[in-house]
Amino acid sequence: MSYARRAWIVLWKDALAERRSKEALNALFFFTLLLLFIFQFTLGGDRERLTDALPGLLWLGFVLSGLVGLGRAFLTERDHDCWEGLLLSPGDKSAIYLGKLAGNLLLMLLVEAIMLVLFGVFFNLDVGRHLPALAGVVVLGTVGFAAVGTLFAAMTAQVRARELLFPVLLLPVLVPVLLGSVKATEAVLAGEGLGGVTHWLKLLAAADTVYVAVGVLTFDAILEG
Amino acid sequence: MTRTLGWLVVLALVAGLVMGFLVAPRDAAQGNVQRIMYVHVPSVLVAYLAFAVVLLASIVYLTTRRESADRIGHASAEVGVLFTGITIASGAIWGKPTWGTWWTWDARLTSVAVLFVMYLGYLLVRGMVDDRERAARYSAVVGIVAALDQPPTMLKPGPSTMPGVFAATLLVNLAALALVYVFLVTKRVALLRREEEALA
Amino acid sequence: MNRFDSMMADFAIQISALKKIYGGRPILSDVNLAIRPGEAVALLGANGAGKTTLLRILATLSRPSRGTAVVAGHDCVKHAERVRERVGFVAHGAWVYEDLTALENLKFWTTLSGRPMSAETLRVALTAVDLDRFAHARVRTFSVGMKRRLALARLTLSHPRVILLDEPFAGLDQQAGKWVDEYLAAFKAGGGTVLLTTHSFGRGLGVADRIVILAGGTVVLDTPAATLSPDDVRRLYEAHAEDEA
């Protein structure tokens, strides 16, 4: 189907460009490492306090690295008028949104996986024991994050003071997703499993669906520049 | 038309004040400071009304590109932010003598604070994007996302457990503030239209 | 095609009473222009005269404040997608991703347009602009002229009926400029319509059938190019256009 292929080619292009330049991945990896050091310096003294705060810290790390990654999502389109090229190519523009979303999602999940490993190593977080449930929560939360993030990244790509406007717009909107994700992560890491937090999971799933739907419906209006 | 509306607003506000200060009885536990509820609760309800209007106006604008829809959305967002600010301020003033703190991170207050920042973001987008048409489109998208983001926890049970005179006072003040909203939005839309005509 | 569309098909580009206000200023006040299929028109004007604005409206990148623009039989505002299917646009940016090779760039743009093509077809397009040797080279290594040629290869693959070019000779050396000239001539010979803006009085005018000068937000001169020499054109330009920068 042409729509799916068009979304795919956008993903293909971004993945190829990233594989060649490795800009985003390198920067994000080091950023992740730095975050861990900062968490340690600011909270590491009290072991118990740190362990209690781990779910929140984990998502704080995801949010901060996500902001950096998403903020760059449309930067390459600004060179050589590629943005206009995207707009002028015939066909439903929402396919471009989905392609970009898929690319951002993959990048964010990769960085989050690395962060989980680092948390496991440096903060003794037993990731392996809770992995399936934890992975599920992380994916659910990240999809919502990436969906709004991709939309707002496109919006702010060509606005002055983009670095300010992007987080200011994105963070308040993320509050429900963040809340749900942290609560669910707390439950998982405490060994309670997902049974007790099904209402949060439902909220996340609903939010994800709504965000992707809004992205698909409004990306056209954003791309017009 | 706006002149009549203006007088109606004044009348309603006076009625609200009378009800709030003279008719409604003094609260047994909290004293007179409880009366600020008659500003605080209607304010947040009117704010939600304002943002619902922003949602509708944004959808209409994106589908029809009619500038009147954009002006209504813009004006409603501004007034909505104003009422949200009033909600937060009145809540703090109510909270300090009553519960000892200016602020607490409970679900209700936090979501109102987040609401405030969200729509400040809407206004920020308008301010930072130079091209008028682009600003309209972008803020319409923000208006839609922000509105859809309001968790259903907002609709908690309200005045149903309240004795009659309290509920009545609340309703009168709600009507008064809703009229203030309509008045302000009408004026603001007219001002926005005159600004655009001056530029064209 | 309905009756309206078939009327419009007489002209490849038809602009009526076009007005564009930007930031409070009227850039275009009243533009009227009609271009037949197979014609090539060169649009001249000072900086700030609105040439680029006009071209961008025709390319559906921008909406007019008032008036209508019909390109390739479709209204630029109401049926923008249909215009985009039939029109090619070449501006300063070549629509290239520098980390991708020439071939990969073509693959991306053709697939995104809903017309995926085989590698052989793409290679043929590269050969036509003499970039075949660089098919697997990253575009980062290309010169401005090479990037412009790649843009033309991309353009050909989309089979447009109308091409809009904004200063296509800017930044190109003699050789590359000759390329563009030949490309446009071949396109015109195939029945395509060309509208280009230009600052130079030698290049681009070679392929043009008509010269149009834009000044004060409107068309001040619209004359066949056949009888004019580059010097004639320069004199006319200086007579009609004042620098509005």
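The model is predicted: local features need pLDDT of at least 70 and side-chain atom pairs count only at pLDDT 80 or more, while totals for chains, interfaces and linings use all residues. Residues are numbered from 1 along each chain as its sequence is written, and chains are lettered from A and ligands numbered from 1 in the order in which they are written.

I begin with chain A. Its secondary structure comprises nine helices and zero strands, where helices (H or I, at least four residues) and strands (E, at least two) are DSSP runs numbered from the N terminus.

On overall dimensions, the C-alpha atoms of chain A fill a box of roughly 55 × 35 × 30 Å along the principal axes.

I turn now to the interface. In chain A, 21 residues are in contact with 24 residues of chain C, contact requiring C-beta atoms, placed from the backbone, within 7 Å. Helix H1 (2–21) and helix H5 (82–88) of chain A are the elements that give two or more residues to this side, and H1(A) gives the most, with nine residues.

Returning to chain A itself, among contacts between residues at least 6 apart in sequence, 81% join residues at least 24 apart.

Key: Contact = placed C-beta atoms within 7 Å.
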